[in-house]
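Here's a quick briefing to read alongside the structure. Have the 3D view open and follow along.

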Amino acid sequence: MLKALLLLPLLGAGLLSLLPSRSVDLMRHLASVAAAATMLCAGLLLADFDPASAEIQFFETRPWNPRVGSHLALGVDGVSLPMVVLATVLCFVAIFSSTGIRSGAKLYFSLLLVLETSLLIVFTARDWSLFYVCWELTLIPLFFLIDRLGGANRHRAALNFVLYTLGGSVFMLIALLLLYDVAPGHSFAMADMAAGGAQLPVRTQVLVFLGLLIGFGVKMPIVPLHGWLPLAHVEAPSPISILLSGILLKMGAYGLIRAAGTLPAAVQALQDWLALLALVSLIYGAVLAWRQTDLKAMIAYSSISHMGVVLLGIAALNEPGLSGALTQMVAHGLTAGLLFLLIGLLYERTHSRDLAAYGSLNRIAPRFAVFLVFTLLASVGLPGSAGFIAELQVLIGAYARWGGWLVLMSVAVLVSAAYALRAIRCLSTGPERPFSAAPAGVAHFADLKRTECAAAWLLSAGIVSIGFYPAPLLRLMASSLARLARPFGV
């Protein structure tokens, strides 16, 4: 089933290459069908998964390069399966909502499907060499998607994204080679490298973990490794921004969770420093989001703040904190994906992302207004949304470790609420602007169509269902996270 999951997007990309370039709508429908089939396959995988077991399930392995100990090893557990499902959902939404792509559509949809397979292999790989190769492989489609179809500064944004990620990957590769050298039998298998890493002195473990932290921290992103993020989000086409914020950032957090399980002594030694980085990211991202007037830049900076919550949960190294971090990864993927979807559809109609250009969307486009208000409130952890469940668990886990220092997280939450309420005031409840005072098309434009509402409802349903009934998600993760937290004595 895992092989079917990974091959379906590639099959869709192969079929796209057979279509004539002028059949843009047919290409979008075919890519949507391939993404929907992949999402269905992930659902079947979820239905067959046994949440009571902490073992790797659906495991299969084939020798890749036996001389260096690398294998095509695949499998999922309660940490990786939520990311697999989230990736398939967001890839489907990104492809389904790409109605504005007309020029270069064949390349665009083919690259998106190749990107989906690369993402899924990252989350299902049980061999660090396979993980690293597909981690780097995600750069190729993203570079061309941003560079060919992005905004005015797309070339700079694409180059920044690739250089930052490649720079971080150098440190990651060095760290992985050091672990490979001490792994039993010189193997890249995650279990073997974890066994070898546990035998290293604590100081050596810390140095290796710092290399992994830089590599994963660039993608996450952790302040001060976040420099690529705002420009890439602003310049990328909105469907690509859905994937950048919704799932690409989660690759870094997922890798950091795996690194913590591989080098437990190192992450314990750096626990307080990781918490400090998390709080800096939380407050820095929230304050800069509050200061933005460009809607996409606002969401980009808010993503830094939300990923700070994830890092704080990981740093707590206990079950509530880790569960909150993973839940926040899912919650932020859904809310950020929905925000970028809505802002992208607004921009297609109005060619403006300036907050000052909008007003009284509740009169002009009520469906837009309802979804925007809901998503902005959900992004700051409104009770009844997935973000509330995530932040509550992170608070519980972090309070057990640091106590009253968590008042700093409360400050960041307040600033987050301020930027969300400011955006709601400007977009929905602000004064209705006369046509002559607004950019062309902003005063009057079409509301969400039925197909666009369907994509928005899909993500909204995920946010609300986790917010009101989080038990299935928490049960899915519980056994794997309990096993992960065991070496930390919590």
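Let's start with Asp272: its relative accessibility is 42%, so it counts as partly exposed. Keep in mind that this is a predicted model.

**Salt bridges**
- The count comes to five salt bridges, and three of them are picked out below.
- Asp272 pairs up with Arg401 in a salt bridge, at 3.1 Å from N to O. This one links distant parts of the chain, with Arg401 in helix H18 and Asp272 in helix H13, 129 residues apart.
- Arg401 is partly exposed too, at 35% relative accessibility.
- Arg258 and Asp77 also meet through their side chains, 2.9 Å from N to O. Arg258 sits in helix H11 and Asp77 in the loop between strand S2 and helix H3, so the pair ties together parts 181 residues apart in sequence.
- Arg258 is buried at 13% relative accessible area, and Asp77 is buried at 6%.
- Lys3 bridges to Glu60, with the closest N and O atoms 3.5 Å apart. Lys3 belongs to helix H1 and Glu60 to strand S1, so parts 57 residues apart in sequence get tied together.

**A helix pair**
- The axes of helices H6 and H11 come within 11 Å and cross at roughly 145 degrees, and the crossing is left-handed.
- Leu142, Leu145 and Ile146 of H6 make the contact with Ile240, Leu244 and Leu248 of H11.

- Phe171 lies in helix H7 and is partly exposed at 42% relative accessibility.

Conventions:
Residues are numbered from 1 along each chain as its sequence is written. This is a predicted model: local features need pLDDT of at least 70, side-chain atom pairs count only at pLDDT 80 or more; totals for chains, interfaces and linings use all residues. Side-chain values use heavy atoms; hydrogens and water are left out. Helices (H or I, at least four residues) and strands (E, at least two) are DSSP runs, numbered from the N terminus. Buried means under 20% relative accessible area, exposed over 50%, partly exposed in between (1.4 Å probe, protein chains only). Axes are lines fitted to C-alpha atoms, for helices over the stretch in contact, and angles run from 0 to 180 degrees between N-to-C directions. A crossing is left-handed if the near helix is turned anticlockwise from the far one by less than a right angle, and right-handed if clockwise. Contact means heavy atoms within 4.5 Å. A salt bridge is a side-chain nitrogen of Lys or Arg within 4 Å of a carboxyl oxygen of Asp or Glu.
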